[in-house]
Amino acid sequence: MEKLDAPVLVTRSSLPPLEEYVDMLKPIWDSAWLTNMGVYHEEFKEQLKRYLKLPSLELFVNGHMALELAIQAMELKGEVITTPFTFASTTHAIVRNGLTPVFCDINDRDYTIDADLIERLITDKTCAIVPVHVYGNVCDVEKIQKIADRHHLKVIYDAAHTFGEELDGRGVGQWGDVSMFSFHATKVFHSIEGGAVAFKEKNLKRRLYQLKNFGIMDSETVEYVGANGKMNEFQAAMGLCNLRHVDEAIAKRKKLAMRYRSRLEGIQGIRLCSEDPRVKYNYAYMPVVFDGYKAGRDEIFQALKEKNIHTRKYFYPCVNSYECYKGDFRPEDTPVADRISKQVLTLPLYEDLPVEIVDMVCDIIEETGC
Ligand code: T4K
């Protein structure tokens with residue numbers, strides 16, 4: 001098999017037709033209103049609420065600030081139960097709020113937090129649970145909510161990967177006290193950078209709004225120690241454009257994901273996440289676990305790389321093995337997460353990925369190993 005001339009990366013940003021975006025820029029020039037909750041910002045928020053089936057939403061400059069400020073808005077103290085099988089952002093947002101992460105292992109089925117293990121980690125210091133709908137796999141939201149209710153804990157979902165997903169026809173952001181969505185360029189849907197927080201409690205609206213604007217209440221009153229987390233008009237314009245095309249993008253991704261599935265499912269030593277019929281998926285990622293396959297994960301990674309196909313080891317290493325948290329946690333305490341992080345590879349998936357590349361990736365996987 002020949003090496004590809006142009007690299008294939010794990011993802012590639014979806015972009016609207018250029019004219020559509022350029023058309024959106026004219027009113028920004030006319031008004032000279034570039035940021036600080038402009039017209040597009042407000043319009044984007046309204047359209048997103050409808051699309052995501054959410055009653056309340058606040059926009060942010062990126063997903064990380066959205067999560068960090070959402071946690072700040074909850075005014076928590078103590079320990080937070082969370083997953084180590086995630087992107088750095090989830091744990092950093094907890095730690096940067098002065099809270100202590102307590103890592104709970106993941107389940108071996110869809111790699112979300114193992115809800116059966118949460119309760120044994122609860123202490124009198126526990127204040128919240130921060131689960132992650134990793135790869136767009138929806139956590140066991142009902143079980144998590146029951147635990148939270150029993151112990152009076154807040155539930156803050158990192159829903160960075162679940163844009164547009166539904167569970168039983170309800171927007172996934174309707175679960176928990178708050179949910180954070182990421183609109184980063186690498187996501188199914190993006191506003192270049194961007195993020196949002198869905199929330200239930202009415203008084204969070206004002207707090208979130210103020211926290212992303214330095215905590216300012218009015219021109220003479222600063223009520224909170226906030227940050228600058230505002231989404232600008234260029235981001236909102238990109239989001240508005242992309243929203244028109246996102247259904248089509250997801251449909252294209254679904255076809256490609258199904259192709260991967262039809263090629264890889266049933267091969268001994270290869271595991272794909274099973275799909276829950278209650279969930280409407282967005283096909284954000286294509287994670288594959290090599291567990292007892294004739295070639296190891298790193299060998300597959302290398303074989304693909306040699307052909308100019310660049311997969312990613314999302315999410316290796318687990319957060320509890322990070323250099324910056326050295327000595328604070330023991331990866332052995334979350335053995336499933338530790339093992340999966342060493343076996344998983346996320347394959348290229350984006351709306352305009354040629355199906356021939358999907359086949360090439362699968363051919364290489366099949367041909368690698370003795
Ligand atoms: N929580 C979770 C669970 C998350 O996964 C993330 C972000 C967050 C919270 C925080 O949300 P944000 O603050 O980011 O909104 C990427 C993304 O930067 C990050 O958003 C994402 N998760 C994470 C899983 O992936 P990297 O370091 O892998 O990105 P990078 O630059 O290596 O890009 C990956 C590939 O994407 C490239 O090989 C090509 C493609 N790409 C990249 C960029 C920047 C494009 O096609 N266009 C682009 O503009 O983190």
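A residue counts as exposed when its relative accessible area is over 50%, and as buried when that area is under 20%. Alanine 32 has a relative accessible area of 57% and is therefore exposed. The structure discussed here is a predicted model, and the same cut-offs apply to the other residues described below.

**Two loop residues with positive phi**

Alanine 32 sits in the loop between helix 1 (18-31) and helix 2 (39-51), and its phi is positive, at about 55°, although the residue is not a glycine. Methionine 37 is found in the loop between helix 1 and helix 2 as well, and there too phi is positive in a residue other than glycine, with a value near 55°. As for accessibility, methionine 37 has a relative accessible area of 13% and is therefore buried, whereas alanine 32, at 57%, is exposed.

**Domains and nonpolar cores**

The chain is divided into domain 1, which covers residues 18-240, and domain 2, which covers residues 246-368. The centres of the two domains, taken over C-alpha atoms, are separated by 25 Å, and 35 residues of domain 1 are in contact with 35 residues of domain 2.

The largest nonpolar core has 98 residues, of which Leu48, Phe85, Ile118, Phe183 and Leu347 touch the most other members. Helix 7 (residues 233-264) gives the most to this core, contributing 12 residues. Because domain 1 and domain 2 both give residues to this core, it lies between them. Leucine 347 has contacts that, leaving aside residues up to four places away in sequence, comprise Val10, Tyr260, Leu264, Met286, Val288, Leu304, Thr311, Val361 and Ile365.

Helix 9 (335-343) has as its buried residues Val336, Ala337, Asp338, Ile340, Ser341 and Gln343. The elements that cover these buried residues include helix 8, strand 12 (270-272), strand 14 (286-290) and strand 15 (344-347).

**The ligand and its surroundings**

The ligand is surrounded by 27 residues, and the closest of these are Asp158, His161, Ser182, Arg312 and Tyr314.

| Residue | Protein atom | Ligand atom | Distance |
|---|---|---|---|
| Glycine 63 | backbone N or O | oxygen | 2.9 Å |
| Aspartate 158 | side-chain N or O | nitrogen | 2.6 Å |
| Histidine 161 | polar side-chain atom | oxygen | 2.7 Å |

On its own the ligand has 920 Å² of accessible area, and the protein covers 75% of it.

Tyr314, one of the closest residues to the ligand, also takes part in a cis peptide bond, which runs from tyrosine 314 to phenylalanine 315 with omega near 10°. Phenylalanine 315 lies in the loop between helix 8 (297-306) and helix 9 (335-343). Another cis peptide bond joins tyrosine 316 and proline 317, with omega at about -5°, and proline 317 likewise belongs to the loop between helix 8 and helix 9.

Threonine 162 is placed in the loop between strand 5 (154-158) and strand 6 (166-167). With a relative accessible area of 0%, threonine 162 is buried, because buried residues are those under 20%. Its side chain reaches the backbone oxygen of alanine 159 at 2.8 Å. Not counting residues up to four places away in sequence, threonine 162 touches His133, Gly136, Val172, Phe181 and Asn282.

Glutamate 275 is part of the loop between strand 12 and strand 13 (279-280). Its relative accessibility of 34% falls between the two cut-offs, so glutamate 275 counts as partly exposed. The side chain of glutamate 275 makes a polar contact, at 3.5 Å, with the side chain of tyrosine 283. Once residues up to four places away in sequence are set aside, glutamate 275 touches Met258, Arg261, Tyr281 and Tyr283. Glutamate 275 and aspartate 110 are 165 residues apart in sequence, while their C-alpha atoms are 8.9 Å apart in space.

Technical notes:
Residues are numbered from 1 along each chain as its sequence is written. This is a predicted model: local features need pLDDT of at least 70, side-chain atom pairs count only at pLDDT 80 or more; totals for chains, interfaces and linings use all residues. Side-chain values use heavy atoms; hydrogens and water are left out. A nonpolar core is a set of buried Ala, Val, Leu, Ile, Met, Phe, Trp, Tyr and Cys residues joined through side-chain atoms within 4.5 Å. Buried means under 20% relative accessible area, exposed over 50%, partly exposed in between (1.4 Å probe, protein chains only). Helices (H or I, at least four residues) and strands (E, at least two) are DSSP runs, numbered from the N terminus. Domain bounds come from an automatic or database domain assignment. Contact means heavy atoms within 4.5 Å. A residue is near a molecule or strand if one of its heavy atoms lies within 4 Å of it. A polar contact is a pair of N or O atoms within 3.5 Å; within protein, one must be able to donate a hydrogen and the other to accept it, and residues adjacent in sequence count only if both atoms are side-chain atoms. Accessible areas come from the Shrake-Rupley method with a 1.4 Å probe; for residues, only the protein chains shown count as cover.
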